[in-house]
There are 2 protein chains.
Amino acid sequence: MNYTIKQVSEKTNLKPHVLRYYEREGLLPFVDRSESGIRRYSEEDLEWLSLICCLKNTGMAIKQIREFVELSLQGKETLKERCSMLEDHKKEVEVQIVGMQKYLCKVDHKIKYFTDQYEKYLAGSSENGAVSHGSD
Amino acid sequence: MNYTIKQVSEKTNLKPHVLRYYEREGLLPFVDRSESGIRRYSEEDLEWLSLICCLKNTGMAIKQIREFVELSLQGKETLKERCSMLEDHKKEVEVQIVGMQKYLCKVDHKIKYFTDQYEKYLAGSSENGAVSHGSD
DNA sequence: TCTTGACTTAAAGTTAACGTTAAGGTTTAC
DNA sequence: GTAAACCTTAACGTTAACTTTAAGTCAAGA
């Protein structure tokens, strides 16, 4: 089964020009072409794309994804290296997630504080004259 | 208690020129100056910065942070709006986190797959001639 | 046959978020 | 009192990741 760039675009939510851009950048260097030069994506290409999106959406830079792809092209001798790349990336993502959760708590605190302030404001804004630009 | 730009830089891990950039972009528009024009950050400024970093590090664009700051400057009438901005952002961050966790699973799967492949490869790479560029 | 629309390329443009440089004023240490 | 280490502004440069444009090829339908 083969897919046109448009079909892949719809499946992946990546616009055609982005798919071409990724290919140009070496993220997907094995896409087949028809006689007239039209891209024909295979199921395997789609699976690759899925991994690429996964890495990209967890913050891996395109440059680094390209390195990963280049290693893959070199065959099984690079399996260990690829593995450790993914493990490093995994750790980074875990750190990101923990950080995010921490920040989320802070945002939550702020929301509660603002909600309180808003209620006080509704109750009657006259009895408090303290001026602040809202950082507290 | 007041701080120089360098002290704030050390406290926040934001370089001086970034602090000036943020100020220029309207993220911190109330920093006091000495007679000779040198920035004197107050505790309140630091708290603001901490919120700004929080929003920035969870992916809010500087433009949007500026909107938030502008609302804050308008006083308590904007409390509700600010609150809903934060709530919207909170939801986005939650979505991000869930997405990340999903992708993390996929990365984990890949790692396991590669580890398996690597073991097979070590055991003896001769009995399998299937060629793949490694997407599976 | 003509034209419409999807595909192709190369190359230039855009945006966000800094980073760097130049040219100069101020404060602190010896 | 002078040199180093700060500070200031303005303006230009960089990087990543697209995005758009221009110019062309190709196949199908009226």
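**Two chains and DNA strand C**

Reader: Which residues come nearest to DNA strand C?
Author: Happy to start there. In this predicted model, 17 residues lie around DNA strand C, where near means a heavy atom within 4 Å of the strand. Those that come nearest are A:Arg20, A:Arg33, A:Arg39, B:Tyr22 and B:Ser36.

Reader: What distance separates a polar side-chain atom of B:Ser36 from a phosphate oxygen of DNA strand C?
Author: Several polar contacts can be listed here (N or O atoms within 3.5 Å; within protein, one must be able to donate a hydrogen and the other to accept it, and residues adjacent in sequence count only if both atoms are side-chain atoms). A polar backbone atom of A:Arg39 is 2.8 Å from a phosphate oxygen, and one of B:Ile62 is 3.4 Å from a phosphate oxygen. For the side chain of B:Ser36, the distance is 2.9 Å.

Reader: Which element gives the largest share of the surface near DNA strand C?
Author: Helices here are DSSP runs of H or I, at least four residues, numbered from the N terminus. At least two residues each come from α1 (5-12) of chain A and from α2 (16-24) and α4 (62-73) of chain B. The largest share, 4 residues, belongs to α2(B).

Reader: Turning to the protein itself, is A:Thr58 buried or exposed?
Author: A:Thr58 sits in the loop between α3 (43-57) and α4 (62-73) of chain A. Its contacts (heavy atoms within 4.5 Å) include B:Met100 and B:Tyr103. Buried means under 20% relative accessible area, exposed over 50% and partly exposed in between, with a 1.4 Å probe and protein chains only. Because its relative accessibility is 1%, A:Thr58 counts as buried.

Reader: Which side chains meet in a salt bridge at 3.0 Å?
Author: A salt bridge puts a side-chain nitrogen of Lys or Arg within 4 Å of a carboxyl oxygen of Asp or Glu. Across the interface of chain B and chain A there are 2 salt bridges. The pair at 3.0 Å, N to O, is A:Lys90 and B:Asp108.

Conventions: Residues are numbered from 1 along each chain as its sequence is written. Chains are lettered from A and ligands numbered from 1 in the order in which they are written. This is a predicted model: local features need pLDDT of at least 70, side-chain atom pairs count only at pLDDT 80 or more; totals for chains, interfaces and linings use all residues. Side-chain values use heavy atoms; hydrogens and water are left out. Lists of a residue's contacts leave out its neighbours within four places in sequence.
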